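I would ask you to keep the structure open while reading.

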Amino acid sequence: MAAVDYTEGAELIDSILDVTRKQAEPCDALQGFQIIHSLGGGTGAGLGSLLLSKIREEFPDRMLATFSIIPSPKVSETIVEPYNAMLSMHQLLDNGDLTFCIDNEAL
């Protein structure tokens, strides 16, 4: 999480928010956003959490729903997946209005 959130994610977040703004501007009644991401990997956990907090700052009065894939120890590919998920949880609690946690093993 740290590598993507604090390095690559910080470089990409402005262009991602520009695209988000351009998509939101023509909407007559924008109600909110849905983010689908995996919490095990660096991009889904780090960049996804960063995006979640930035969307909350940019659109504070819009609903934010996340569909978050939680890593499973039985199908884990890397040892840091639980660590990435735990570091992302506080962002989901602080910035999300609705979070669906989906077990990766159940998929």
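**Salt bridges, strands and core**

1. At a relative accessibility of 37%, Asp18 counts as partly exposed, a class that lies between buried (under 20% relative accessible area) and exposed (over 50%), as found with a 1.4 Å probe and protein chains only. Its partner in a salt bridge is Arg21, with the closest N and O atoms 2.6 Å apart; the term salt bridge stands here for a side-chain nitrogen of Lys or Arg within 4 Å of a carboxyl oxygen of Asp or Glu. Arg21 is likewise partly exposed, at 26% relative accessibility. Both Asp18 and Arg21 belong to helix H1, where they are 3 residues apart, about one turn of the helix; helices (H or I, at least four residues) and strands (E, at least two) are DSSP runs numbered from the N terminus.

2. Please bear in mind that this is a predicted model, in which local features need pLDDT of at least 70 and side-chain atom pairs count only at pLDDT 80 or more, while totals for chains, interfaces and linings use all residues. Residues are numbered from 1 along each chain as its sequence is written, and side-chain values use heavy atoms, with hydrogens and water left out.

3. The structure holds 5 salt bridges, and one of them joins the side chains of Arg56 and Asp97 at 2.8 Å, N to O. Because Arg56 lies in helix H2 and Asp97 in the loop between H3 and E3, this pair ties together parts that are 41 residues apart in sequence. Arg56 counts as buried at 17% relative accessibility, whereas Asp97, at 48%, counts as partly exposed.

4. A further salt bridge is formed by Arg62 with Asp61, whose closest N and O atoms are 3.5 Å apart. Here Arg62 is partly exposed, with a relative accessible area of 29%, and Asp61 counts as exposed at 57%. Salt bridges that share partners also join Asp18, Arg21 and Glu58 into one network.

5. Which strands pair with E2? Strand E2 (residues 63-70) runs parallel to strand E3 (residues 98-103) over 6 bridges, and E1 is joined to E2, also in the parallel sense, by 7 bridges; strands are said to pair if DSSP finds at least two bridges between them. Ile35 has Thr66 as its bridge partner in E2, while Ala65 has Leu98 as its partner in E3. The chain passes from E1 through H2 to E2 in a right-handed β-α-β crossover, meaning that, with the strands pointing away from the viewer, the path from the first strand over the helix to the second runs clockwise.

6. Is E2 mostly covered or uncovered? It is mostly covered, since 6 of its 8 residues are buried. Met63, however, which is found in strand E2, is partly exposed, with a relative accessible area of 42%.

7. The largest nonpolar core has 17 residues, of which Ile13, Phe33, Ile35, Leu51, Ile55, Phe59 and Leu64 touch the most other members; such a core is a set of buried Ala, Val, Leu, Ile, Met, Phe, Trp, Tyr and Cys residues joined through side-chain atoms within 4.5 Å. Two or more residues of this core come from each of helix H1 (2-24), strand E1 (32-38), helix H2 (42-58), E2 and H3, and H2 gives the largest share, 5 residues.
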